[in-house]
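Here's a quick briefing to read alongside the model. Have a look at the fold first, then at the aromatic rings.

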Amino acid sequence: MRAKDYSATETLRDGRTVEIRALRPEDRAGLLAAVGRSSDKSLYRRFFGFKRGFTDQEVDFYINVDFVDHVALVALLEEDGRPVIVGGSRYVVGVPGQAEVAFAVDDAHQGQGIGTALMRHLVALARDGGLRELVADVLPGNTAMLKVFGTSGLVSTTRQEPDAIHVVLQLA
Ligand SMILES: CC(C)(COP(=O)(O)OP(=O)(O)OC[C@H]1O[C@@H](n2cnc3c(N)ncnc32)[C@H](O)[C@@H]1OP(=O)(O)O)[C@@H](O)C(=O)NCCC(=O)NCCS
C-alpha cells in the first residue's frame, strides 16, 4: 500500500473501532475542528506555546503533505454515524534518514489507545520509507507522550534539555 493510500483499523480499550489512515486534502475542516476541540494544555504540548489560530500558510503546511519527506496520519471515530477526526500524527524528515514526529489526540479521546495506535502505524510507514531514526521534543511532564514512545518497542535514548526532553528512537 502506498503511504498516501494507507488505511488500517484498530480496536480501542473501550471496544470502539478507530480508523488510522493517510491525511487527505479534504481533511482540512476536520483537522481544524479537532484542534478547536483541544484544550490549551494539549495545544501547548503539541505546539510548545499557546496556539489556537493558524494562518492559511500554516494550515497549508499541515495539509499538503508529500508522503515522502512529510507523512501524516489521522485517526477517525464514528460519531453520530459519520467519521470524525479525533487525532493525528506526522513525521517530517530533517536530515536524511531522520524525521521529527508529532502527535495530537483531542482531549475527549485521550487515554484510549489512539496515540499508541498512531505511533504503531507511523513507525510502519517510517520503516517503509527507509528512515533510520525518529526524534521528538517532549515537554517535561508529558507522561502520555513518553509512554507512547516507551511502549513502541523501539530502542530509545532521551536527553534532558533546558525546556524539553529530546527523544531519539531507532528504527533500524
Ligand atoms: C500524547 C498523546 C498524543 C497521547 O495520545 P493518547 O491517545 O492519549 O495515548 P494512549 O491512549 O495511547 O495512551 C498512552 C499512555 O499514556 C497514558 N495517558 C494518556 N493520557 C494521559 C494523561 N493525560 N496523563 C497521564 N497519562 C496519560 C495512557 O494511560 C497510556 O498509558 P498506559 O498504557 O500505561 O495506560 C495525547 O495525550 C495528546 O494529544 N496530548 C497533547 C498533545 C501532545 O502532547 N503531543 C505530543 C507532542 S510531541
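Predicted model: local features only at pLDDT ≥ 70, side-chain atom pairs only at ≥ 80, totals over all residues.

Rings of Phe, Tyr and Trp (its six-membered ring) count as a pair if their centres lie within 6.5 Å.

**Aromatic rings**
- Tyrosine 44 pairs with phenylalanine 50 in a tilted arrangement, with 4.8 Å from centre to centre and 55 degrees between the planes.
- Tyrosine 44 counts as partly exposed at 34% relative accessibility, while phenylalanine 50 is exposed, with a relative accessible area of 67%.

**Fold and overall shape**
- You'll find five helices and eight strands in the chain, and along the sequence they run β-β-α-α-α-β-β-β-α-β-α-β-β.
- The chain's radius of gyration is 15 Å, close to the 16 Å that the globule rule gives for 172 residues, so the chain is as compact as a globular protein of that length.
- The C-alpha trace spans about 45 × 35 × 35 Å along its principal axes.

**Packing and contacts**
- Of the 172 residues in the chain, 46% are buried.
- Take the contacts between residues at least 6 apart in sequence: 58% of them join residues at least 24 apart.

**Surface and charge**
- The chain's accessible surface is about 9,200 Å², and 51% of that belongs to carbon and sulfur atoms.
- There are 20 positive and 23 negative side chains, and the centres of the two sets lie 3 Å apart.

Note on methods. Residues numbered from 1 in each chain as written. Heavy atoms only, no water. Helix = DSSP H or I, 4+ residues; strand = E, 2+ residues; numbered from the N terminus. Rg over C-alpha atoms; globule rule 2.2 N^0.38 Å. Buried < 20%, exposed > 50% of the residue type's maximum accessible area, 1.4 Å probe, protein only. Contact = heavy atoms within 4.5 Å. Areas by Shrake-Rupley, 256 points an atom, 1.4 Å probe, with all protein chains shown as cover. Lys, Arg positive; Asp, Glu negative; His and termini not counted. Charge placed at Lys NZ, Arg CZ, Asp CG, Glu CD. Phe/Tyr/Trp six-rings, centres within 6.5 Å; stacked < 30°, edge-to-face > 60°.
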